[in-house]
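Look over the sequence and the model, then read on.

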Amino acid sequence: MTKITPTTIATIMIRGAHIAEGCDTLVSYKLSKQIADRVEGMLVLPPVTVGYSAHYDSFPFSLTLSYDTTTAVIYDIIESVVRNGITRIFLMNGHDGNIAPIEIASRKIKEVYPEVQIASLTQWWVAAGNLLPKDTFEVWGGLGHAGEGETSIAYHLFPDWCEPKLATCVVPDLPDEVEIKWDFSELTDTAQTGDATKATAEKGKMMNDAIVEHVVKVLNELDEKDWKYRR
């Protein structure tokens, strides 16, 4: 085995009323297993089901770890993997609150274990939009918390746990290029952003297939060149 995929996701939170609270974990884990089925020697670890979600905790059942704890959990898992002789690691993330902890934990690992090679997909929802035709999504580029894109992939991967009739549309008025450091209650009163009413299982399958194909291609290419990046 040459690679391992810890799925680092904060999942226990309200995501509107129309998709499962475990969406982040379910999507990332299911994508990871599809990728591993096609990459030789790849092992998928069980998902980490709670991460950083304090920016959502104005809504009920948004369980969260602190930033420091989330970073430490990711670091400790990677270090445990390294101690077992695996030095090529792919991280599949499914939650925006984990992006910064993944970055910090990975940098810290590289400081202590410079031989370890880490690749990550930190925002599959953005990657899917970049990989698919520009007219795939109808509103806000498919983005949003339980918006058009995320709801679509949920409808594709676990439709029995979704209730489309409860989907809503809330598109915040945010500036381009400049980030607003919001609490989620400042953006929506439904625990959902984007337009979930435009979601379809067909769009979700397109997202699923595009992400899996792309990551498999990247990992196989990295293997072919022995994970050497310098020309």
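Q: Which residues does Leu26 touch, not counting residues up to four places away in sequence?
A: This is a predicted model. Leu26 has its place in helix α1, residues 23–36. Leaving out residues up to four places away in sequence, Leu26 touches Ala20, Phe158 and Trp161.

Q: How far apart in space are Leu26 and Thr136, C-alpha to C-alpha?
A: In sequence, Leu26 and Thr136 are 110 residues apart. In space, the C-alpha to C-alpha distance between them is 23 Å.

Q: Is Ser62 buried or exposed?
A: Ser62 is found in the loop between β3 (42–44) and α2 (67–83). Its relative accessibility is 10%. Buried means under 20%. Ser62 therefore counts as buried.

Q: Which residue's backbone oxygen does the side chain of Ser62 reach?
A: The side chain of Ser62 makes its reach at 3.1 Å. The backbone oxygen at the other end belongs to Tyr56.

Q: In which sense do β4 and β5 pair, parallel or antiparallel?
A: Strand β4 covers residues 88–93. Ile89 stands opposite Ile118 in β5. The two strands pair over 5 bridges, and the sense is parallel.

Q: Through which helix does the chain cross from β4 to β5?
A: The crossover is of the β-α-β kind and right-handed. The helix on the path spans residues 99–112 and is α3.

Q: Which residues form the uncovered face of β5?
A: Strand β5 runs over residues 117–121. Gln117, Ala119 and Leu121 lie on the covered face. The uncovered face has Ile118 and Ser120.

Key
Residues numbered from 1 in each chain as written. Predicted model: local features only at pLDDT ≥ 70, side-chain atom pairs only at ≥ 80, totals over all residues. Heavy atoms only, no water. Buried < 20%, exposed > 50% of the residue type's maximum accessible area, 1.4 Å probe, protein only. Helix = DSSP H or I, 4+ residues; strand = E, 2+ residues; numbered from the N terminus. Pairing = 2+ DSSP bridges. Right-handed = clockwise from strand over helix to strand, strands pointing away. Polar contact = N/O pair within 3.5 Å; in protein donor to acceptor, adjacent residues only side chain to side chain. Contact = heavy atoms within 4.5 Å.
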